[in-house]
Amino acid sequence: MEKYNIQVLGNVDSKETLVFAHGFGSEQNAWRFIYPAFEENYRIVLFDFPGSKPSNSKDFDIQNYNSLKDYADDLLEITHLAGVRRGVLIAHSASCMIGVLASLRDPNLFKGMVFICGSPRYRDDGDYKGGFSQEKIATILNEMSHNYAEWIRTYAPVAVNDPNKPELVEEFSHCLLQLRPDIGLVVFSLIIMSDYRREVSQVEISTLIVQPQEDIFVPPTVGAYLYQTMKNSELYWIDTPGHFPHLANPTEITKAIASYLTENEFV
């Protein structure tokens, strides 16, 4: 429990559990505007992936993380420790695919998932438009490896994509700067070079895809692809720009999650 800083909150006697999984350059605190709306009726599980903050960087062994499947191992351990069975995963960014991998390994782990800015592949591939060319990715990784701090100063405002939210840029920059540069480079490489299109096509559980109209890392074409590929999915468009709508506009994200839970009778 300590390794992942697992917190079990809310209505601990509820039969319904929501598991909140943060994305790259983030931690469980990113859900602070969302989970309180569900505490009365749901058991809430929060956690931090290894390497996401200084206090747990010692638990991140670069040699043991070769793909997001290794993070899926972490998620399976976290949910086991928290006693999660047939819960609902609320995932942001890379955690969406981590959730996919974990759910395929254990079909009874989740009965529903909510993807916020999730992508099965960030690289363009023929007719598939993931948002980045191979050349662009090579440039980004080169910038990260040569001057991590300068890369953050460039990357954070673009990811947030909202000049009216300087506090979010500062928060995201702070989280990234907390990462050891070697960890940041390895994890970002795993994410940006991943391809889980085959895996998402195998998912059969109910999934809500929350897709911003303007997200440089997950363009609208990706949300549309997931909706077309995943058998039991619903696509929910939002106007909030950027890669962090749960921080930029928590009211909109809370509404989307609440509607999904009600429609599927996960109450």
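**Close-up views of a predicted model**

**View 1. Asn5, ahead of the opening strand.** Asn5 sits in the segment before β1 (7-10); strands here are DSSP runs of E with at least two residues, helices are runs of H or I with at least four residues, and both are numbered from the N terminus. Please keep in mind that this is a predicted model, in which local features need pLDDT of at least 70, side-chain atom pairs count only at pLDDT 80 or more, and totals for chains, interfaces and linings use all residues. Residues are numbered from 1 along each chain as its sequence is written, and side-chain values use heavy atoms, with hydrogens and water left out. Most residues other than glycine have a negative phi. Asn5 has a positive phi, near 50°. Its relative accessibility is 30%, so Asn5 counts as partly exposed (buried is under 20% relative accessible area, exposed is over 50%, and partly exposed is in between, with a 1.4 Å probe and protein chains only).

**View 2. Arg86, between a helix and a strand.** Look for Arg86 in the loop between α1 (68-81) and β4 (87-92). Arg86 is not a glycine, and its phi is positive, near 55°. With 43% relative accessibility, Arg86 is partly exposed.

**View 3. Asp127, out on a loop.** The loop between β5 (110-116) and α3 holds Asp127. Asp127 is exposed, because its relative accessible area is 79%. The C-alpha atoms of Asp127 and Val186 are separated by 28 Å, and the two residues are 59 apart along the chain.

**View 4. Phe20 in the largest nonpolar core.** This core has 91 residues, and Phe20, Trp151 and Phe188 touch the most other members. A nonpolar core is a set of buried Ala, Val, Leu, Ile, Met, Phe, Trp, Tyr and Cys residues joined through side-chain atoms within 4.5 Å. Apart from neighbours within four places in sequence, the contacts of Phe20 include Trp31, Tyr35, Phe38, Phe47 and Ile90 (contact means heavy atoms within 4.5 Å).

**View 5. The largest pocket.** Its space comes to about 190 Å³. On a 1 Å grid over the protein atoms alone, a pocket is an open set of points with protein on both sides within 12 Å along at least five of seven lines, a cavity is a set where a 1.4 Å probe fits but cannot get out, and lining residues have an atom within 4 Å of a point. Points are joined across faces, edges and corners, and a volume is the space filled by probe spheres set on them. Among the lining residues of the pocket are Lys136, Glu143, Trp151 and Tyr155. α4 gives the most to this lining, with 4 residues. By class, the pocket lining has 7 nonpolar, 1 polar and 2 charged residues (Ala, Val, Leu, Ile, Met, Phe, Trp, Tyr, Cys and Pro count as nonpolar, Asp, Glu, Lys and Arg as charged, and the others, Gly among them, as polar).

**View 6. The largest cavity.** The model has 3 cavities of 30 Å³ or more, and the largest has a volume of about 160 Å³. Of its 18 lining residues, His22, Gly23, Phe24, Tyr71 and Val187 are the closest to the centre. The lining divides into 11 nonpolar, 7 polar and no charged residues.

**View 7. The second largest cavity.** Here the volume is about 110 Å³. Phe24, Tyr155, Phe188 and Phe217 are among the residues that line this cavity. α6 supplies the largest share of the lining, 3 residues.
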